[in-house]
Amino acid sequence: MRISFLSLSTAGAAAAIAALALPTAISAEDEVPRWQQARAVGEAESCISIPRIRSTRVHDDRTIDFRMSGNTIYRNTLPNRCSGLAREEAFGYQTSLSRLCSSDIITVIQSGSARVNGPSCGLGQFQEIEFPEEE
């Protein structure tokens with residue numbers, strides 16, 4: 001009888017350890033950062049109106065979201081990596097128009113005691129995006 005008690009205890013302990021070792025179920029959406037869950041809406045545009053830009057958000061060295069008045073968001077995916085953009089999260093541009101276009105160049109603004117310009121990089125097309133509704 002004592003042997004079976006030890007066997008049951010050992011089996012119970014093994015089951016408990018196995019249960020702890022099982023990975024927690026995580027949905028695919030939880031693994032992907034929210035900014036990467038955006039989906040394209042409509043056709044990409046070559047230009048956006050500068051006066052309508054309310055804020056920008058740099059996600060990485062190639063991806064910038066432009067939040068416009070009315071809460072429309074346009075994503076610009078640069079054709080090439082722009083070194084330092086994600087680290088600095090700051091960029092400038094010069095244009096004689098009231099529009100920012102895919103033919104324009106942005107310049108990374110490096111932080112520090114003196115504002116120093118970093119690399120300059122070309123923009124891509126502006127794609128309106130939306131995010132899946134949160135449940």
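Predicted model: local features only at pLDDT ≥ 70, side-chain atom pairs only at ≥ 80, totals over all residues.

Guide: Residues are numbered from 1 along each chain as its sequence is written, and side-chain values use heavy atoms, with hydrogens and water left out.

Visitor: Why is the pair of F66 and F91 called edge-to-face?
Guide: Rings of Phe, Tyr and Trp (its six-membered ring) pair if their centres lie within 6.5 Å, and planes under 30 degrees apart count as stacked, over 60 as edge-to-face and the rest as tilted. The centres of F66 and F91 are 6.1 Å apart and their planes stand at 70°, so this pair is edge-to-face.

Visitor: What makes F66 and F126 an edge-to-face pair?
Guide: Their ring centres lie 5.5 Å apart with planes at 70°, so edge-to-face is the label here. F66 sits in strand β4 and F126 in strand β10 (residues 126–130), so the pair ties together parts 60 residues apart in sequence. Strands here are DSSP runs (E, at least two residues), numbered from the N terminus.

Visitor: How do you know that F66 counts as buried?
Guide: Buried means under 20% relative accessible area, exposed over 50%, and partly exposed in between (1.4 Å probe, protein chains only). F66 has 0% relative accessibility, so it counts as buried.

Visitor: And why does F91 count as buried?
Guide: F91 is at 13% relative accessibility, so F91 counts as buried. Together, F66, F91 and F126 form one aromatic cluster.

How values were computed. Helix = DSSP H or I, 4+ residues; strand = E, 2+ residues; numbered from the N terminus.
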